[in-house]
Amino acid sequence: MPLQGVCWFLCCRQGFSLLGRDYGEKEEEESFELRNKEDLTPNGRSPAEVTVSQPTRTANGTNGHAVSEVSEEMKSLIIEKNKMGLEEEPELLVKGWLLREVRGNWIKQRRYWFVLSQDSLDYYSGPEKGARRLGTLVLTNLCSVIWPDKQTYKETGYWSITVYGRKHCYRLYTKHFNEAVHWACAIQKIIDTKAPVETPTQLLIRDIEENKFNPEVVEHIYQHNPILKYTQGPLYAPLLPFPYGSLEHTYHSGKGYGSVREEAVKLFNCLQQLESAREPVPIIQGVLQTCLDLRPLRDEVYCQLVKQTSYTPAPYTAAHLRYWQLLTCMSCTFLPGPTVLKYLRFHLKRIQSQSPESEMDNYASFISEALDKTKCRECVPSWEEIQMLMNRQEMLCTVHYPGPGSCQLYISSHTTANEVVRRMQEKLGLQESKNTFALYEQNALWEQPVAGSALIADILTSLSTKESESKSQWKLCFKLYCLLDADNISVESIEYLFLFEQCHEMVVRGQLPACEEDLQALAALRLQCLMGDFSTHAPCPPLDELFPGHMLEARVLMSLSAQQALPPCVVAAQGCPTTQRFPTGLLAGTLWSHAATAAHKQKVEQDMRLRSRLKEEAGAVMGSILERWKGLAGYSRRDSMAAYLTIARQWSGFGCTLYEVDFYISSTGSFSQKLWLGVAATSVSLYRQGEAEALESFPYGQICSYGVSDSNTFKITAGDRDLLFETTKLTEIMQLMNAYFSAIRRQRGKGEDVDITIAESTEVGFHHLASTTTPTLLELPSHPV
């Protein structure tokens with residue numbers, strides 16, 4: 001009896017598999033308007049037909065049908081041209097056996113006879129005439145094909161192609177790469193010949209544009225087409241055409257996005273949630289983030305917002321105004337495409353004429369002005385910015401400058417760094433300065449100049465993100481950028497304070513090569529400037545704010561290395577492998593553990609000794625500085641600053657900006673490591689770190705070209721020499737040299753006579769300068785200062 005039951009089960013299972021194959025796989029045929037049917041082959045002959053030999057089918061009792069190893073003739077495609085004749089099958093392009101992935105069944109892949117025609121990809125139960133068609137995928141220009149990839153082949157042993165249609169997705173498999181490529185090419189060719197599919201919304205937008213000067217026709221279009229008007233119901237398909245299964249979303253799959261079509265429908269649901277949301281800012285931020293990540297959705301969201309702000313039942317309620325608030329944020333973040341932009345402007349004017357002196361009128365006016373200024377943003381607006389935009393207000397931005405000072409400026413979503421620099425110069429009375437200024441992102445340990453075209457709103461959002469990630473305070477600073485004239489700065493001007501503060505920053509970072517006596521004198525002058533005359537009750541800043549800390553560390557390490565003497569056994573342990581020091585056996589692990597413990601203990605002792613010596617040395621240096629401070633009694637703040645800068649000016653590179661260079665090599669064979677590249681007003685110089693004299697100096701008149709040669713190499717051509725620098729500051733060096741050349745051109749007024757081009761032959765463009773004593777340079781759009 002049990003044996004009969006097992007046989008009955010196997011027979012039923014086999015029977016169900018065959019029934020499912022015959023009846024269970026029928027799919028609903030698509031209906032779709034097809035246009036411009038064109039032949040793939042322009043010569044009028046029937047296209048090539050592909051046939052492959054049928055693999056034998058075996059039943060293993062557990063997996064149902066399986067495809068066995070294919071015959072030798074399947075290893076290459078057999079192209080049979082005009083086999084069936086043009087009259088019999090005039091539209092068949094490619095046909096053959098393929099495996100199709102079937103979900104929700106015991107058998108994962110099934111073999112079908114696929115036929116590709118000018119209009120569709122069909123599959124049948126077999127190749128014989130009269131075989132039943134089991135499914136159809138209609139091909140339009142919105143269909144897409146994913147080509148075979150090695151990863152799928154490694155995982156499954158089959159080459160796979162995927163065809164996306166409006167209703168269906170076919171995942172097809174074959175053993176042969178050439179066959180998979182041939183099918184993919186043939187299907188893609190048909191997709192490319194199809195006329196663009198237009199949605200009803202697109203057609204209506206075009207009708208409105210054509211009749212925009214005829215209000216009666218426009219009104220008729222709106223009244224008879226609900227797709228253009230507000231709805232409380234869901235949206236089942238996007239308003240604009242998107243490719244089925246587009247590959248564009250795969251680059252953001254890590255963020256949880258589906259296809260573009262799916263995201264378009266989800267966004268409309270988010271828009272409708274705005275009406276009842278207690279706090280709309282998170283929803284608005286989410287919509288903006290999706291539009292930032294998936295660029296094609298920007299026009300879609302604009303169309304959805306125009307729809308939801310047209311013929312609203314309760315246009316003056318707070319719930320309805322949420323759509324206008326999101327539209328305001330969109331207009332300050334992204335620009336729509338030309339067609340949607342015209343449609344949006346028409347909609348705004350229409351609302352203003354229908355509802356004058358209303359909140360909708362105010363929002364429409366604000367959005368119209370924003371569209372004239374908006375550039376594509378790099379960051380989604382912050383919470384604060386969105387709240388300001390919802391109320392059509394400007395943000396308050398704090399800009400710091402050297403010293404304890406700061407200014408507060410009102411900015412919009414369109415304010416650039418150049419505008420803030422100009423306003424800061426006006427506010428601080430620096431319009432007549434010959435030097436140039438820039439904004440910097442800055443924290444206690446790091447700073448970077450901000451590109452002149454950068455949007456301040458993006459910079460503030462970026463700084464807020466950095467603060468939350470690094471838990472350190474970031475700020476926006478206004479500082480000297482190009483020091484073109486350091487000698488004629490008035491001692492009474494705020495620019496002199498800038499020079500003093502930025503010079504002290506270089507001293508503390510160890511970028512002013514000077515002897516220790518001078519450094520202690522500078523620290524004492526700094527104290528006199530900040531605190532006035534010496535007092536035992538005055539709070540003294542820490543030593544690392546007055547004196548370069550690396551000098552203390554270097555001195556202590558040198559003294560310790562001279563005194564240090566490791567025990568012979570430890571020296572041997574550091575230089576020999578374990579197998580040579582100890583014999584293999586029972587005691588080997590014990591001996592090694594004992595040596596490791598001793599080495600760790602010695603390292604802890606060395607660290608404690610180092611900290612103790614550093615503390616002693618810091619105390620000695622601080623005592624010397626305080627003694628010098630006492631001798632400065634009576635110096636005013638201005639006198640202290642002047643004396644400080646007098647000492648600093650003794651270095652020939654005073655005023656230059658130093659960048660660390662990992663190594664340097666020239667075409668003459670010179671090679672060095674760990675250098676400073678100093679970019680100044682008149683030349684570019686190379687220094688050994690800590691040394692005052694330049695190894696080499698190249699006046700701008702001798703520089704023929706400069707630029708980025710690869711990801712971390714900067715190249716300068718001076719005369720017949722090529723100089724290569726490996727550094728992480730490529731962009732900053734390039735920007736500063738551009739700014740110096742531009743400043744020279746503006747000051748001397750001879751830029752028109754200098755020929756400057758960007759080489760087209762190099763992968764990364766170089767700036768080539770004519771051989772002239774007054775070289776100039778076209779400013780890079782990345783950082784116009």
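Two strands pair if DSSP finds at least two bridges between them. Helices (H or I, at least four residues) and strands (E, at least two) are themselves DSSP runs, numbered from the N terminus. Keep both in mind for the first stop.

This is a predicted model: local features need pLDDT of at least 70, side-chain atom pairs count only at pLDDT 80 or more, and totals for chains, interfaces and linings use all residues. Residues are numbered from 1 along each chain as its sequence is written, and side-chain values use heavy atoms, with hydrogens and water left out.

**Stop 1: the hairpin**

Select residues 109-116, strand β6. β6 and β7 form a hairpin, with 3 residues between them. Pick V115: its bridge partner in β7 is D122.

Find W97, which stands opposite W113 in β6.

Is β6 enclosed or open? Strand β6 is largely enclosed by the rest of the structure, because 7 of its 8 residues are buried. Buried means under 20% relative accessible area, exposed over 50%, and partly exposed in between (1.4 Å probe, protein chains only).

**Stop 2: S310**

Select S310, in the loop between α8 (297-308) and α9 (318-331). S310 is buried, with a relative accessible area of 2%. Its side chain reaches the backbone oxygen of V306 at 2.7 Å. Which residues does S310 touch, not counting those up to four places away in sequence? They are Y222, L228, K229, Y230 and H347. Contact here means heavy atoms within 4.5 Å.

**Stop 3: the cores**

A nonpolar core is a set of buried Ala, Val, Leu, Ile, Met, Phe, Trp, Tyr and Cys residues joined through side-chain atoms within 4.5 Å. The largest has 100 residues. Select L439, F478, F714 and M737, which touch the most other members. Helix α22 (residues 730-748) gives the most to this core, with 9 residues.

Centre on F714. Leaving aside neighbours within four places in sequence, its contacts include L723, L730, I733 and M737. A second, separate core has 58 residues, including Y230, L294, V306 and L327.

**Last stop: the whole chain**

Zoom out. The protein chain has 22 helices and 25 strands. Buried residues make up 45% of its 785 residues. Among contacts between residues at least 6 apart in sequence, 64% join residues at least 24 apart.

Methods:
A polar contact is a pair of N or O atoms within 3.5 Å; within protein, one must be able to donate a hydrogen and the other to accept it, and residues adjacent in sequence count only if both atoms are side-chain atoms.
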